[in-house]
Number of protein chains: 4
Amino acid sequence: MPDSPTPTQQELAVSTLGPCEIPTPLAEAKGGHGRFIEDDTRVMYDVVFHEGHDPKPAIGFERAGPREKIHFQPAKSKAAIVTCGGLCPGLNNVVRNLFYMHRRHYGTAEVLGIRNGYQGLNPAEGQEPITLTDSLVSSIHHQGGTLLGTSRGPQDPRVTVDFLQSQGVNILHTIGGDGTQRGAHAIAQEVARRGADIAVVGVPKTIDNDIRHCYQTFGFMSAVAEAERVIDRAHVEAISVPRGVGLVKLMGRHAGFLAASATIASGEVNFTIIPEAPLVLDGQDGLLARLGRRLDASDHAVVVVAEGAGQELLRAEKGDHAPRVDASGNELLSDIGLYLRKRIKQHFADIGNPVELKYIDPSYYVRSVHANAYDSLMTEKFARHAVHAAMAGKTDLFIGIWQGHMVHVPLSASCGQERRLSTGRDMWSAVLTITGQERW
Amino acid sequence: MPDSPTPTQQELAVSTLGPCEIPTPLAEAKGGHGRFIEDDTRVMYDVVFHEGHDPKPAIGFERAGPREKIHFQPAKSKAAIVTCGGLCPGLNNVVRNLFYMHRRHYGTAEVLGIRNGYQGLNPAEGQEPITLTDSLVSSIHHQGGTLLGTSRGPQDPRVTVDFLQSQGVNILHTIGGDGTQRGAHAIAQEVARRGADIAVVGVPKTIDNDIRHCYQTFGFMSAVAEAERVIDRAHVEAISVPRGVGLVKLMGRHAGFLAASATIASGEVNFTIIPEAPLVLDGQDGLLARLGRRLDASDHAVVVVAEGAGQELLRAEKGDHAPRVDASGNELLSDIGLYLRKRIKQHFADIGNPVELKYIDPSYYVRSVHANAYDSLMTEKFARHAVHAAMAGKTDLFIGIWQGHMVHVPLSASCGQERRLSTGRDMWSAVLTITGQERW
Amino acid sequence: MPDSPTPTQQELAVSTLGPCEIPTPLAEAKGGHGRFIEDDTRVMYDVVFHEGHDPKPAIGFERAGPREKIHFQPAKSKAAIVTCGGLCPGLNNVVRNLFYMHRRHYGTAEVLGIRNGYQGLNPAEGQEPITLTDSLVSSIHHQGGTLLGTSRGPQDPRVTVDFLQSQGVNILHTIGGDGTQRGAHAIAQEVARRGADIAVVGVPKTIDNDIRHCYQTFGFMSAVAEAERVIDRAHVEAISVPRGVGLVKLMGRHAGFLAASATIASGEVNFTIIPEAPLVLDGQDGLLARLGRRLDASDHAVVVVAEGAGQELLRAEKGDHAPRVDASGNELLSDIGLYLRKRIKQHFADIGNPVELKYIDPSYYVRSVHANAYDSLMTEKFARHAVHAAMAGKTDLFIGIWQGHMVHVPLSASCGQERRLSTGRDMWSAVLTITGQERW
Amino acid sequence: MPDSPTPTQQELAVSTLGPCEIPTPLAEAKGGHGRFIEDDTRVMYDVVFHEGHDPKPAIGFERAGPREKIHFQPAKSKAAIVTCGGLCPGLNNVVRNLFYMHRRHYGTAEVLGIRNGYQGLNPAEGQEPITLTDSLVSSIHHQGGTLLGTSRGPQDPRVTVDFLQSQGVNILHTIGGDGTQRGAHAIAQEVARRGADIAVVGVPKTIDNDIRHCYQTFGFMSAVAEAERVIDRAHVEAISVPRGVGLVKLMGRHAGFLAASATIASGEVNFTIIPEAPLVLDGQDGLLARLGRRLDASDHAVVVVAEGAGQELLRAEKGDHAPRVDASGNELLSDIGLYLRKRIKQHFADIGNPVELKYIDPSYYVRSVHANAYDSLMTEKFARHAVHAAMAGKTDLFIGIWQGHMVHVPLSASCGQERRLSTGRDMWSAVLTITGQERW
């Protein structure tokens, strides 16, 4: 599913802290169950080719998995876990799985939980880490949110590395999105500058499914399931009254993956509006006219809009020439849901054929649920491979999924390049097929 | 649970269309399973007394249930069902249960489904009724909403009765809230004026649980369950960040039953704000100061507000002296959820100790779910007894639950007297206990 | 819903430990929110009467609720909670609500959790009680089971009272079914014999809903909801194949409430078999012939059987003249589900028209779920009133619901008299109506 | 995830019915949204390589997707859909998506639903196909099972092709598992023998996830989610009593994917027993001794067993030298769940330290649920690409997922080679890690 140019093999090279000379303590080593992954194993970047043509040059990600020899002495190691940014289903599962993998399987001496995101890596914030124990983590995967707490924003990497060194931490797991992994990259660079022996291994997290080089992360599917449920309710409202319109706003500041996936899962949506496709309201091909034709034909309609869609319309409305930003430079979104509600009601009132519009904005509801079975499985894979990578002294990377295989993605190859839903690809075709929104 | 003066026995007397001389065709009659209810059986209105004192004079509702002799010849009867007003979990169950009770058990010749509320009883609206069949209704109880469609507002009762007579309908089941039952009362009065032989038997429906003389209706508990789920998500958001506040707005224009019940069910709410209790924001005992003390003590808080709460504050803010109303005279509510969001964020920013507030307004989400098991059981009881009542020629009533028994409630004894949550009673005590909102 | 003769007022009299002279510390007392219940308030036992006839003599249960003056000094009190017998949804909610009610609202000095049922009240078992804390109980209501552990069987009441006295416990809350409350009664009697100042106040618990004088308890409705889900799956299996039969076995050793309620809630069952109604398999009116007629007409059928049904058939099969019992005298049930599966398959194979039977025995699945919203509300009521009763020095009782009101039920008026589903009453009529099982 | 030798490119070649000269009517073609897939596009079979070594020779599956020119004239085409074998979540979604894809997007003239599996393709069975319509299929995806009905077993392919030709069907979609696809292959071969113009395009279905060349199919994840729920209940039972053991039997006749995945998703299992790994009960390293050590350490344990596990033990017990088979040659499984229940209880009773064992066998419960969001997305992909393939005249194939891409899998390359869970691979490592079952 690459949406951007193939990187070079050099760009996919993974940093390591040093030699791996310690035999792994994994039970698999003894029972012969696990299969160790040799360090030069790669997963091809591009796998689609034309028959009769030579395959692409062999560029690929380093394959994740247990190494037979590792870098860190587990009994002398201390790992730390930090969760950052907005909530995502499965955070607690990742923490729990990282903990058990370290303690039970590698025998890591101690696992710290950092409080409230990167804030907890800055002693000035006064939030002491906690030593994770079996009784603290054993049931957390049944709950949404994060036991450790979270917050937004980075800290000075020098302060962070000072803190890690003062605590004797030699493995740091950073669970978060693009911003978090940028922060992790800065920490890894500061570690490298000092020549310190600290591995920084991330687990990507994004409710919007917009992280480059990770086709899917944990939590997304749980959010889709909740969003589907909301859409189904809007559909029930719409079909129960004459000229019923159900309007649902979903998360997705820049990427429409959640809106698109929930649309397909639901099978009840007639119009899906995402940030990647321009929103046209007026004119014969605009949403309002199309919606009118749909209502005339079927008497009800469901509209789903991602929160980041249609911002150019809202700016035009306000006379802004550029997005407004907050102090940190993040774009301030105007509320497209309320705007559409107003415009749709107004339009059909104006033409003398009013609609009965029911608006649902579930906001955080879709992300604070606990992980469903699928995402539980995802978190286990990410956490297990993150620990394998860290114990082998790999650093400055996160765990990704590529062509169905778990891989090591150098942070420098992903950060700052968020994925977008390509309207020329399969998922958008599916949305257009399911909704029929081009047909009206 | 009477919240108002005991009515007289006269006020609780039920209207009947005429003699009951036809032996019931119920299978129970043959097998001897069912126990027939004698027509003079009553359920006491007041059941609480002081030991040693004589009990209250024997005032009571007519007890619902199958009569041994009935008024209508089933094979010559045609029933019609209409669902009105906002959606409520279980509407489809009521329709399905009414259908099966009529067709399978009494052998009623035909059951019509009226389209889109009272509109469908006015031929000028052009919405023909549909003849219900087994295949139309067999699976509808697994879906929210109403198969028949719904709408708000009454029709001229003369037009309605003309229509019923033209269709040969002799039993009309009106499923809806206070407004619907007022409309049903008008229809029953028009029927009586004409001396027509048409029974009007309602099933009360209210997501707000605010119908007088019906301690609980179907659908309410399903909505509470959905609201609890939303509150739990807000709680997850609140506990996952420093100084986290989860704010949830719930339905409840005039009555706080839903907000109160969801609060108790969830066990995670710290402040519950309902229309029946004045909202004070400022001052040492105001919500903002209490919320501050709660946050200082526990670092997170969950606030639930019913949509009809705090309207006097919002009016004061706007300089209105009285509620604004729409064309039909219904009060236009200002959005207390958005107002609280703004005021809470502002207050804590102003005092230099900002909060991380997450707002969820599930709106229609809580009511468009299908009925849960409890409400399925409720709908079955209401529907079964509505058919028993109608076949016995009872009219101008709805089915209620009183002291745990199914009863006939004359429409005139309930309509126009919506229930409110009494802040001097058990439920509000439970809310204050669970939230501890008086303690801060 | 009385299924047995009306008791005398004497039989409903509640025991008390002594005078109530301490002003309640409840916040309601100050804010004036709560309404105190005067001690001579009663809830009528029989509320159904015939118009024109004098009401029944005023016999009633003592009404539960907060008393203005209480018996125990909270700051010097120590409460203990024990959960006994099989799991039931909501046990953790009861524990949590009892804890908060004692600690936050009355200010009880300490609340102990007894481990593993009555075993934990016998020091010889070596299971020390735990002191409950906010962090131990704050999230337990989201989980099924019981934090405290449970077990079956009684202990010597003298040992128990010795233990309570040695621990300084003056309030004991016993959460359990008929056997547990019999045990509680024995403890209360031993307390009385010693003239000790220990209140024994129970909360009834039964997945079978079979406790006399408590129309409904917590947990039952959650189990019904799970059972409904299982039935719906069996229905899906049945309708997806030619001549499909879904057969579901549900809990219910002696009472068919769960099977009956799940049948009504589901609306998809064709035959419901309960212990209270004899099971006839053979002959023109037997289940096998009826099932055949149903399949010929509709090509699928769903059969629900309670585990305690048909035992007389199974005994006849084995040539037993009386039930076999285990060491404690409990009847050993034969597996009616497997028996029916065999007989049904055999019968239709024998007549050359085989069926496709799918059998589901969810066993404990329906009872280990966490409480749903309805049961959460129930547990809160039971727990709150149990603490009110205990603080007022009431003893040898459990909290019941009667005619919709919370009441004090003397243990002697309930124990040893389990409820059965009366086949002459409303619920069984509903089952016969919904299933139509008499029609085939 | 190839578990077997790489096939040759020849083995992966897809059969076609003839030239593709008709411009696709897809709306995407006009709007330019969709990207057409050129017919020589392949997805590499092996994507793992060692850096520095030449990649594998370019062998790959034909990539699925819309072709710019198609083989069939939609307005003259008639498609038929058949669902076969055991239920699987998502069958109705596949039917619905196939229907909409054909009717709305390609404009296929008619879509037939074949009744009750391959039986419905044999006129002698007397089950006429139904013409699918919008109102028949619009809501079926909210229900488990299959609207069309299903059955097991093949029919004579000559009879089938006669029937298809007599009905004018030129596209047949076969939804089913390995047996079904073997039947489809026989039909396609008979079509080829006759030179008929009928495309046979399957959608693989297996609750056991055991179809070769399809890494994952629809429905499996919904079943895992239900199985996880059951395991969590068994865990609740186990932790609520002293020495509690929860024992759960899950589907999986030959493959342990469901048991393994549910184990990982749940995170609460201590021992997982699958058909692919031998079951040893006795001895120091046997399950009974390990379970004893686990109980001594933690006082509770959860055991999950796939129904096909341990059959060799059961045969030894019975003195059988080979599996018993039914008339069709399918192995008759003995009930390993009941056997383990007996053996575990007996063992711990014998050593004087009995356990409290709670057994749950959800059987069909896990497969008759409707598809969850993840599986809804899966079904949409499979159905969409099946229609694309059929319209382009591809035949004798099913739609698979390979390295994350949708591909055409020739039936001959998959049938008769069911997948097994490799105990040397990642999933089994995860199970051993999560359960720790090697540690005790």
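In strand 15 of chain A, A:Lys358 is the bridge partner of A:Gly246. The model is predicted, and local features need pLDDT of at least 70, side-chain atom pairs count only at pLDDT 80 or more, and totals for chains, interfaces and linings use all residues. Residues are numbered from 1 along each chain as its sequence is written, while chains are lettered from A and ligands numbered from 1 in the order in which they are written.

Helices (H or I, at least four residues) and strands (E, at least two) are DSSP runs, numbered from the N terminus. Two strands pair if DSSP finds at least two bridges between them. A residue is buried if 20 or more other C-beta atoms lie within 10 Å of its own, exposed if 12 or fewer, and partly exposed in between, with C-beta atoms placed from the backbone.

| Strands | Chain | Sense | Bridges |
|---|---|---|---|
| 12 and 15 | A | parallel | five |
| 12 and 14 | D | parallel | seven |
| 13 and 14 | D | parallel | three |

In chain A, four of the five residues of strand 15 (residues 356-360) are buried, so strand 15 is largely enclosed by the rest of the structure.

In chain D, seven of the seven residues of strand 14 (residues 300-306) are buried, so this strand too is largely enclosed by the rest of the structure. D:His300, D:Val302, D:Val304 and D:Ala306 point one way from the strand, and D:Ala301, D:Val303 and D:Val305 point the other way. Within strand 14 of chain D, D:Val304 is the bridge partner of D:Val248, and D:Val303 stands opposite D:Phe271. Strand 13, helix 8 (residues 287-298) and strand 14 of chain D form a right-handed β-α-β unit; right-handed means that, with the strands pointing away from the viewer, the path from the first strand over the helix to the second runs clockwise.

In chain B, 20 of the 20 residues of helix 6 are buried, so the helix is largely enclosed by the rest of the structure.

Chain B is superposed on chain C by a rotation of 180 degrees with 0.0 Å of shift along its axis (RMSD 0.0 Å). The two copies are thus related as by a two-fold rotation axis. The superposition is by least squares on the C-alpha atoms of residues with pLDDT of at least 70 in both copies. B:Gln403 comes closest to the rotation axis of the residues of chain B, at 2.3 Å (C-alpha).
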